[in-house]
Amino acid sequence: MGQEEQSSVGVGEEEEETREVVEKEEVETWNQRKQTLILEISSKLIHGDLEAKIEAARDIRNLVRKSSSSSSSSSSKTRSKLGAAGVISPLVLMLCSPNPDARQVSLLALLNLAVRNERNKVKIVTAGAVPPLVELLKFENGSLRDLATAAILTLSAAALNKPIIADSGAAPLLVEILSSGSVQGKVDAVTALHNLSTCKENSTDILDATAVPPLINLLKECKKYSKFAEKTTALLEILSNSEEGRVAISNSDGGILTLVETVEDGSLMSTEHAVGALLSMCQSCRDKYRELILNEGAVPGLLRLTVDGTAEARERARTLLDLLRDSPQQKQLASSVLERIVYDIATRVDGADKAAETAKRLLQDMVKRSMEHSMSCIQQRAASCTPSNTQPT
């Protein structure tokens, strides 16, 4: 390497070192400035008048956003430092203010503090945020209600908060939002209810049958393989465990059909929940629900599920198929026996090494043919039910 090349390399290294030193100094300067801002914000919220409190709440959002732009770890530390600086209690008190601006900015500030910070979530609930949030869920003001729903969703993600929120009376109000809220409000309400449904410490069931019609409508409209569909079907499966819930599903417009469509088109989890709901209905009263499920063309999707579903979904699908047969006691017709027959045939044709793959392909072909036949029958029924266009003379 020549002297000129060595010289250029040396200059480049020096520039890199200088740049690192400058960046380090900038970070240290910003961290010092940030700590000063945190103390100022805390002082305004604790000792300031209402106008100062509102300004401080806005500053929290700006500070967290600015920290997020630098790095996720920086924003996480900022949230923790703000929580430790005593800003949460005065923000919670602002939720009860008669001033709508104070309520809104405090809600936004609390949301910013709670996101991705388990300790702050617990601190917010411990400070008494749940009762005023429940009151805000009753507001006709769409913006405040949406923010309150988002806050309940965020706070309910913490395990320690779930029993407190579940016992607060928030669930019925979240169910109302499923019907009357904004699009984002409905999504947040479903997720919040799903969070609360996983709490084993609930003293009472958080859902009743009134949740079924809006959940069915939301499931109709969403993509069956989405995370939203997984949460919605999970709630419907829970509701199918009560007689009121089962009746509500069967009475809802397209209720059973929507579950059948989810079995056919859903993700692994949504299909598992959907078949669980259908199975719960059929097991509770086979005579009542068997024909209703069969009339929606459930068999093809269930057959496919015995091949492609999760272990739990496969077992549920087999059990439901047995219940849907004319004589469920005839176990020789059970799907497990059918699978063994197909596997034996595949072994003889392609040998033991390829038997599993061949059997799966044969079963999928059977499912496809069954679906085609089922669709043909449905079309024939639809054609026979279509009223004549001929006017009576």
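Leaving aside neighbours within four places in sequence, Thr154 is in contact (heavy atoms within 4.5 Å) with Leu111, Ala114, Val115 and Lys121. This is a predicted model, in which local features need pLDDT of at least 70 and side-chain atom pairs count only at pLDDT 80 or more, while totals for chains, interfaces and linings use all residues. Residues are numbered from 1 along each chain as its sequence is written, and side-chain values use heavy atoms, with hydrogens and water left out.

Let us stay with Thr154 for a moment. The residue belongs to helix 8 (residues 142-155); helices here are DSSP runs of H or I with at least four residues, strands are runs of E with at least two, and both are numbered from the N terminus. Is Thr154 buried or exposed? Thr154 is buried because its relative accessible area is 15%, where buried means under 20%, exposed over 50% and partly exposed in between, using a 1.4 Å probe and protein chains only. A polar atom of the Thr154 side chain lies 2.9 Å from the backbone oxygen of Ala150.

Now for the chain as a whole. The secondary structure comes to 21 helices and zero strands. Of the 393 residues, 45% count as buried. Among contacts between residues at least 6 apart in sequence, 66% join residues at least 24 apart.

Arg116 sits in the loop between helix 5 and helix 6, and because its relative accessibility is 68%, Arg116 counts as exposed. Its phi is near 55°, a positive value in a residue other than glycine.

Helix 7 (residues 130-137) is mostly covered, with six of its eight residues buried. The buried ones are Val130, Pro132, Leu133, Val134, Leu136 and Leu137. They pack against helix 5 (100-114), helix 6 (118-126), helix 8, helix 9 (162-166) and helix 10 (170-180).

Helix 13 (residues 227-239) is mostly covered too: 10 of its 13 residues are buried, among them Phe228, Glu230, Thr233 and Leu239. From first C-alpha to last, helix 13 reaches 19 Å, close to the 18 Å expected at 1.5 Å a residue (1.5 Å times one less than the number of residues). What covers its buried residues includes helix 11 (183-197), helix 12 (212-221), helix 14 (243-251), helix 15 (255-265), helix 16 (268-284) and helix 19 (311-324).

Two packed helices are described by the angle between their axes and the distance between the axes. Here are two such pairs, with axes fitted to C-alpha atoms over the stretch in contact and angles running from 0 to 180 degrees between N-to-C directions.

| Helix pair | Axes come within | Crossing angle |
|---|---|---|
| Helix 12 and helix 13 | 10 Å | roughly 150° |
| Helix 14 and helix 16 | 10 Å | roughly 110° |

Helix 12 and helix 13 are therefore roughly antiparallel to each other, whereas helix 14 and helix 16 are roughly perpendicular (under 35 degrees is roughly parallel, over 145 roughly antiparallel, 65 to 115 roughly perpendicular and the rest oblique). Which residues meet in the second pair? Arg246, Ile249 and Ser250 of helix 14 meet Ser280, Met281 and Ser284 of helix 16.

Methods:
Polar contact = N/O pair within 3.5 Å; in protein donor to acceptor, adjacent residues only side chain to side chain.
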